[in-house]
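User: Could you take a close look at one part of this model for me, and then follow on to the aromatic side chains? I'd like a connected account.

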Amino acid sequence: MKKFILAICTAGTALFLAVSPLSAQTPEQNTYLSFLRKGMDQMKTGDYRAAQDSFENALRYQDSGVEAHAGLGMVYYHQREDRYAERELKRVLELDPRFASAYEVLGEIAYRNDDIETAISYWEKAVVLDPSAAPLRERLVRVRKEQKTEKDFNRDVTSHFLTKYEGREKIEAGRIILKILEDAYGEVGRALSYYPDREIQVVLYSNEQFREVTDAPGWSAGVYDGKIRIPAGGIEQETPGLRRLLYHEYTHAVVRSLAPRCPTWLNEGLAQYFEGRDIDARQRTALKRVAGEGKLPPLLKLEGSFMGLRDEQAAYTYLVSLSAVRYMIDSFGLYRVRSVLDELAAGADASKALAAGIALSSEEFERGWKKSLE
């Protein structure tokens with residue numbers, strides 16, 4: 001029997017929720033399946049409001065339809081209407097208690113609302129029901145480390161950020177970091193005409209805690225994985241380096257909120273742009289040489305994570321990403337970059353998003369970028 005696949009992005013990865021609708025037998029079931037298929041197609045294109053209508057229509061014909069309740073839960077999840085998403089996914093589990101993916105998404109909802117204990121509880125049930133879920137098992141290991149490390153952390157809440165830290169000695173560091181992040185909220189928001197409508201979580205660690213919880217490579221000075229995570233040991237005053245780091249990670253939070261499936265080169269290029277990173281004369285000379293030799297990597301190869309790269313590889317890949325994004329901004333303006341992000345949010349792949357956002361194919365954009373370096 002054919003399965004329908006629903007997909008969401010969580011913590012930078014795709015989570016697939018598979019549902020197996022019954023074969024149609026009656027006019028009501030035929031209509032139910034018609035609305036269900038329509039909703040699935042609308043989900044794929046990012047048209048969540050239309051998908052919501054389709055799944056609700058499907059349920060008018062078959063209120064016990066596990067698939068439509070699952071689809072509706074996913075739509076609400078995407079739209080960050082967590083209370084309604086929980087309602088639908090719990091209804092799924094009433095109808096089918098072995099629906100492992102419903103537990104997984106419920107865990108995601110709890111986690112992004114900083115209820116780590118509940119998230120772990122849901123994910124433990126999911127892996128019992130689906131022992132093959134290796135990525136979720138790995139996630140559980142990391143989140144258990146996070147729970148153990150942060151169990152006694154203090155919290156400060158502003159209108160835009162929730163900050164967590166350990167010990168009174170980090171209170172002043174937290175204030176410094178929050179001030180910089182509020183500046184970033186305003187500056188990046190004005191540039192991209194976008195202000196996240198939910199608080200962004202910021203966790204301050206010792207250097208040792210940061211490496212333990214994040215498993216970040218040695219070259220990484222901060223991480224955004226749904227939360228901004230910063231090693232805050234020794235922060236006593238604002239410095240240019242701290243400001244750059246926080247603008248960088250905050251930009252990742254904005255991009256994730258705008259377009260969860262943003263290719264990494266665009267995401268990292270924007271983060272470096274907003275931190276104020278320049279390309280110096282030596283770097284420009286190196287890029288010119290590589291471009292002249294025809295050895296610049298295709299951007300298509302820079303869409304996955306950079307976290308596994310070695311120091312030298314990472315430095316080069318970040319430089320290439322910044323170069324491509326600076327060319328895009330200089331040539332088309334930030335308004336068009338925002339259009340590309342909107343297209344990605346609507347379900348377009350990188351090539352189609354570029355074509356719609358800047359009116360160039362990905363091949364034409366890359367040719368123009370590489371020519372500008374020669």
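Analyst: Happy to, starting with helix 2. Helix 2 covers residues 48–61, and its 14 residues reach 20 Å from the first C-alpha to the last, close to the 20 Å expected at 1.5 Å a residue. Helices here are DSSP runs of H or I with at least four residues, numbered from the N terminus, and the expected span is 1.5 Å times one less than the number of residues. Please keep in mind that this is a predicted model: local features need pLDDT of at least 70, side-chain atom pairs count only at pLDDT 80 or more, and totals for chains, interfaces and linings use all residues. Residues are numbered from 1 along each chain as its sequence is written, and side-chain values use heavy atoms, with hydrogens and water left out.

Which residues of helix 2 are buried? They are Y48, A51, Q52, S54, F55, A58 and L59, where buried means under 20% relative accessible area, exposed over 50% and partly exposed in between (1.4 Å probe, protein chains only). Seen down the axis of helix 2, these buried residues fall within an arc of 165°, so they line one face of the helix; the arc is that of the directions from the helix axis to the C-beta atoms. On the other side of helix 2, R49 and R60 are exposed.

Now to the aromatic side chains. The structure holds 14 aromatic pairs. Rings of Phe, Tyr and Trp (its six-membered ring) pair if their centres lie within 6.5 Å; planes under 30 degrees apart count as stacked, over 60 as edge-to-face and the rest as tilted. In one of the pairs, the ring centres of Y103 and Y122 are 6.3 Å apart and the planes meet at 40°, so the pair is tilted. Y103 belongs to helix 5 (residues 100–112) and Y122 to helix 6 (residues 116–129), so the pair ties together parts that are 19 residues apart in sequence. Y103 counts as buried at 14% relative accessibility, and Y122 counts as buried at 15%.

Y273 and F274 form an edge-to-face pair, 5.2 Å centre to centre with 85° between the planes. Y273 counts as partly exposed at 23% relative accessibility, whereas F274 is buried at 13%. Ring pairs also link F161, Y185, Y195 and Y250 into a cluster.

Finally, the charged end of R112 sits over the ring of Y77, 4.1 Å from its centre; such a charge is NZ of Lys or CZ of Arg within 6 Å of the ring centre and within 35 degrees of the ring normal.

Methods: Helices (H or I, at least four residues) and strands (E, at least two) are DSSP runs, numbered from the N terminus.
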